[in-house]
Amino acid sequence: MTALAVGIIGLGSYLPSRIVTNDDLAQRLDTSDEWIRTRTGIRERHYAAPEEATSDLALAAARRALDDAGLAATDVDVVIVATTTPDHPVPATAPLVAAALGLRCTAFDVNAACSGFVYGLQVGSALAAGGATVLLIGAETLTRYVDHDDRAIAVLFGDGAGAVVLRADADARIGPFDLGSDGSELEILWMRAGAAREPFDPVRHADASSRMAMRGGDVYRHAVARMTASSQAVLEAAGARIEDVDLVVGHQANRRILEAVAQRLGVPDGRSHLTVDRHGNTSAASIPLALADAREQGRLRSGDRLLLTAFGGGLTWGSCLLTWTGPVPGSDG
Ligand code: COA
């Protein structure tokens, strides 16, 4: 797919108020702030409150994105929630968010694990190019799915949501995209039980089989290789060089993964945005959260060219280029 004349006209994010630091985790797990920071770059992450589910986080981010765009909920034609941690196995989370916004419009989820936002952006941009106003939200409550006694997993994840509003705009560009998957490697990063293949059974699954499981080293290698190759594919498709990119916003899984990708792509110093230190891995929420953070820090200027790149369970991966035409602090919009 070539670039579409679609722009992000609103951006919003929501992080639950409870912050869990590495020292907090080290009080009940055999780990340390030093180990977590050195291996992952993570210092702290946010945990959803007991009464908050994915749709609540999504709704808060969505309202902020709509305000940012200067739109009312009734202007929205399509709601897409990118999530791998829905409120319920059935139904999808997007209709719940739409209903909370007072909408009865097209609403569906995209589940591509940590690549979900980039997948959702391709689907949402195509719909926006056809004339729809699209609300795309990446929202996750992964801390509900991790085994909090497993130090190799529990330290990595956090909760949060980020949302964008997409609309056709002759001056804006989203794309090209490069998306891919390899379902033969599902057990590298998965939750084995709890759905159709192996429905949850309180006796059989008293162990951690209905919790996130991961082969960390394999995930690391695949993430670096896939995000690099996919980024190169979109640059090549666009006839662009990495020097033409003003800011790389990668899926925030791990600082070392992002640094390795940046080094292989030859990203100039200071042009990769990092939030993993403060957010941990928030899966499909990490890229829109990082976009909102970058804008808050004055790192998004009108006309900037961005490279988004992600990798996640599935396996899935995806990258795209986009030109930032959304509101920036101090602009009239
Ligand atoms: N604190 C202290 N020690 C820990 C630990 C923790 N939180 N987690 C694991 N360890 C231990 C392991 O038990 C192991 O101990 P052992 O040697 O006695 O068996 C040791 O640290 C090394 O484990 P290993 O898994 O080889 O570490 P690593 O250097 O590969 O780092 C990850 C582990 C998870 C940080 C790393 O593999 C990684 O970042 N992978 C990608 C994860 C990811 O981003 N997933 C989501 C992608 S969307």
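Visitor: Which residues does Arg 278 touch, not counting residues up to four places away in sequence?

Guide: Arg 278 touches Arg 43, Glu 44, Arg 45, His 46, Asp 293 and Gln 297. Contact means heavy atoms within 4.5 Å. This is a predicted model: local features need pLDDT of at least 70, side-chain atom pairs count only at pLDDT 80 or more, and totals for chains, interfaces and linings use all residues. Residues are numbered from 1 along each chain as its sequence is written, and side-chain values use heavy atoms, with hydrogens and water left out.

Visitor: What makes the pairing of the side chains of Arg 278 and Asp 293 a polar contact?

Guide: The distance is 2.8 Å. A polar contact is a pair of N or O atoms within 3.5 Å; within protein, one must be able to donate a hydrogen and the other to accept it. So the pair qualifies. The side chain of Arg 278 also makes a polar contact with the side chain of Asp 277, at 3.4 Å. Residues adjacent in sequence count only if both atoms are side-chain atoms.

Visitor: Why is the meeting of Asp 68 and Arg 295 called a salt bridge?

Guide: Their side chains meet at 2.8 Å, N to O. The rule asks for a side-chain nitrogen of Lys or Arg within 4 Å of a carboxyl oxygen of Asp or Glu. The pair therefore meets it. Between domain 1 and domain 2 the count is two salt bridges.

Visitor: Where do the domains run?

Guide: Domain 1 covers 6-174 and domain 2 covers 176-323. These bounds come from an automatic or database domain assignment. The contact takes 50 residues from domain 1 and 44 residues from domain 2.

Visitor: How do you know what area is buried between domain 1 and domain 2?

Guide: Buried area is the accessible area (1.4 Å probe) that two parts lose on being put together, summed over both. Here it is about 3,800 Å², with carbon and sulfur atoms giving 64%. Leu 11, Cys 114 and Val 118 supply 17% of the area that domain 1 buries against domain 2, more than any other three residues.
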